[in-house]
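Please read these notes beside the sequence and the model.

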Amino acid sequence: MTNAPLLEMKGIAKRFGNTKALDGIDLVLNPGEVLGLVGENGAGKSTLMKILSGAYARDEGTIAVRGKVVDLNTPKDGSRAGIAIIYQELSLFPDFDAAENIFAGRELRRGRLSASPLDHSAMRAAASRILKGELGVDVPLDRPVRELSLSHRQMIEIAKAISSNADIIIMDEPTEALEEVERKQLFAIIKKLQQAGKALIYVSHRIQELLGIVSRVMVLRDGGTVADLPVSDLDVDKVVGAMIGGSLAKQFPPRVPARSEPSLDVRGLTKRGVFDDITFSVAKGEILGVTGLEGSGKSALLRAIFGQIPHDTGSILIDGKQAAISDPTDAIRQHVAFLPAERKTEGIFPQHNVGWNLSIANLRTLGKITLMPKKEREIASGYISKLGVKCDGAAADITSLSGGNQQKVMLARWLLTQPKVLMLEEPTRGVDVRAKAEVYTLIQAAAKDGCAVIVVSADNAELLGLCHRVAVMFEGRISAVVDAATSKEETLALHSVRPPQGHHLQGGTHG
Amino acid sequence: MADIAATRLRSPLTLARGGGNAGVYLAFVVLLVALGFAAPRFFTFGNLTDVLRQAVPIAVIAFGATFVIGMRGIDLSVGSTLALSGLVTANLIVLGYPVPLACAGGIAVGAVIGLVNGILITKVGITDFIATMAIMVISRGIVLVYTQGIPIVGASDPAFRMIGQSYVGGVPVPVILTAIVFAIAFYVLYYTRFGRFVLSIGSNPDAARLVGIPTDKVKIAVYVLVGVLSAFAGVLLTSRLEAAMPEAGQGYELDVIAAVVIGGTGLSGGRATLFGTAVGAVLMAVVRNALNLLNVNTFWHQVVIGTIILIAVAADRFSRRQKA
């Protein structure tokens, strides 16, 4: 028994509907070990971690902690088994102070009864002992955590894990929002935890950084393990190569050459702390891909061009004319369209039907003053047949459609505004393979009609197959612009994790 | 031909237009039939017009509240607005100002209150519930300070009295005016861009902004609309009583919400049925009238109305779950 690993997961499988999220994953973790867990978005990392923390129930497989099989069906089971997870969006109570958060749900009391008064001074002393003594950080103890920096809040999360006697600590993208100094501090703490015999699972997109911290790396792809190697055998290129693997053959329509006249010109666009001095242009009929890690500024850039978030400096030109865009209403008036990634929260109007959802961004087409239901049906039916939306006509509830068909309605909504600039964020997210190919065809048809198209996607294969050029963003800057037809996924992945190299910086001129 | 007629007939009542609460419509009919037997006096023309006239103030305000609630908002200040607007109108009449000016003055007060509500909610960022509750208390306070709790009487200009007390073809003028308000509200909510904007904001506020809807402007406009309609109800009431009561409209905010909810508009926004609201407002007046006719102690009225709200909402929930 003493030789049993701290954690052993065997044959873990999980399905969501018809998709296999995880298939036969084995994971072993020993005390004092830091395991790096990497993979592309959707590879199954977070599903695996959620199973381990008890947030999801597994379909198959066994989990053993210190050689004893455990059932992790609720988050409470997870913490009872000594597993703590620190999510990217920290889960503290913003109005409580550090001590109250560390002991939330396990408050110390001045007596044995559950009605006994709370022992605030004991909790504060214990909190201080862990934070100052064990972790060696100076976190204010008497302020509500909403007033503390992200780094301090993270330290409180770690202290909470320690105080609950967790031996297995999972960190999900812990450095995503930290400054350089704070990151160093975090790495020092990870070392300390490691020396104290805790085991850590470290999930991150920042491969370079990760390789400096962990002792072993496990790579997931499409729900399976494709590599599990000691860090000494690995480098960034090998890890990225394993993450991407042999790319799936997808159905991309043949590229149509772009025209020469530029349609959208973005010059020196800056939003401090988000993206910096972005310059590029997109020609009529051109499809420009934009990639980069979460937080690289790619999504914020589109939203700034669309006027959803304000920018600090820089200008946007459409057809050579300065476009004053201060909110989405302006953008639509200037024939700029934006299809956001989160269809459910930012796209559909769930109580309404297909016709309503399709026409809402350009109601003037339904009549100058009085909206004509007949006109709405005509327009909606036109797009339904043109785009091949599978539904019971314009009056069908939008929520009765599949993800792919909802996405086609969203696309139709923006085509109806006769866009000159069509920006799409994750246009095939939550869309099945067949519908994906149809969406690609529609995007290309829009480009052929003279739209300047920008596609942001986490799927590099998609960008290379669909776009003319792909711009890679790294920490708020365009680090490279590559020709899609002649580039490889590895190139994009590498530029996404590396700071810009000098000669790539001229970046964004079209051609 | 038949097909087109069918869609036309269906359209105001379809789900897209807010659905309505079939259970309530049915209960309403059952109640009317039962009343016919229990209290034969109910179905006299005089009593029926009386019921409708009693439903007027709540109905007029509830049409506006249907917009607010469809937008996933709430307005608690309607009763106080009614009182303050009625007070201003009554005062202007007593002072001898021309009738149109007096009415316009009262309605302008309602518009200003709505504007303040809208600005507090959108620009200052105060939750609708809190903002309109504060305005409710302040407006009522102003009424009490000005009147010292004593009614303003003597608003008996003959032309002014006509608004609230005369009949056209046997139908009280306030009822006719309410029907006109209903028709306009119906057109605006279901057949204009503004109406779609309102329901889109209620359905998904983030998506509404991303399809270019000027959400702040629309919200302010909706609160102004409710303010104006509350003021209009205040003018009608003042004209009928020839006086402004300091406690006028007290508790109306809840009656108005009850009418909207009984009609089938959910507080979750996105869907709204004006037809249902009209039924809800009349239903509440019918119940009160019936309880009077049946000599039920007035203290029981509240219990009955509350029970109806619960049954209506439960029936709505149930039918929606069946559909899903």
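1. The contact draws 23 residues from chain A and 18 residues from chain B; two residues are in contact if their C-beta atoms, placed from the backbone, lie within 7 Å. On the side of chain A that touches chain B, helix H10 (328–333) and helix H11 (343–347) each supply at least two residues. That side of chain A has 14 nonpolar, 8 polar and 1 charged residues. Ala, Val, Leu, Ile, Met, Phe, Trp, Tyr, Cys and Pro count as nonpolar, Asp, Glu, Lys and Arg as charged, and the others, Gly among them, as polar.

2. A caution on the source: this is a predicted model, in which local features need pLDDT of at least 70 and side-chain atom pairs count only at pLDDT 80 or more, while totals for chains, interfaces and linings use all residues. Residues are numbered from 1 along each chain as its sequence is written, and chains are lettered from A and ligands numbered from 1 in the order in which they are written.

3. Which residues touch the most other members of the largest nonpolar core? Of its 250 residues, they are Tyr202(A), Ile443(A) and Val453(A). The largest share of this core, 15 residues, comes from H11(B). Such a core is a set of buried Ala, Val, Leu, Ile, Met, Phe, Trp, Tyr and Cys residues joined through C-beta atoms within 7 Å; buried means that 20 or more other C-beta atoms lie within 10 Å of a residue's own.

4. Setting aside neighbours within four places in sequence, Val453(A) is in contact with residues including Glu286(A), Leu422(A) and Ile443(A).

5. Helices H7 (residues 158–165) and H11 (residues 215–241) of chain B pack at about 110°, with axes 7 Å apart. They are therefore roughly perpendicular (65 to 115 degrees). Helices are DSSP runs (H or I, at least four residues), numbered from the N terminus. Axes are lines fitted to C-alpha atoms over the stretch in contact, and angles run from 0 to 180 degrees between N-to-C directions. The contact of H7(B) with H11(B) includes Phe160(B) and Ile163(B) on H7(B), and Val235(B) and Leu236(B) on H11(B). By class, this contact has 4 nonpolar, 3 polar and 2 charged residues.

6. Also in chain B, H2 (residues 22–38) and H13 (residues 274–293) pack at an angle of about 30°, their axes 11 Å apart. H2(B) and H13(B) are therefore roughly parallel (under 35 degrees). Among the residues in contact are Phe28(B) of H2(B) and Leu283(B) of H13(B). The contact of H2(B) with H13(B) divides into 9 nonpolar, 1 polar and no charged residues.

How values were computed:
Angles under 35 degrees count as roughly parallel, over 145 as roughly antiparallel, 65 to 115 as roughly perpendicular and the rest as oblique. A residue is buried if 20 or more other C-beta atoms lie within 10 Å of its own, exposed if 12 or fewer, and partly exposed in between; C-beta atoms are placed from the backbone.
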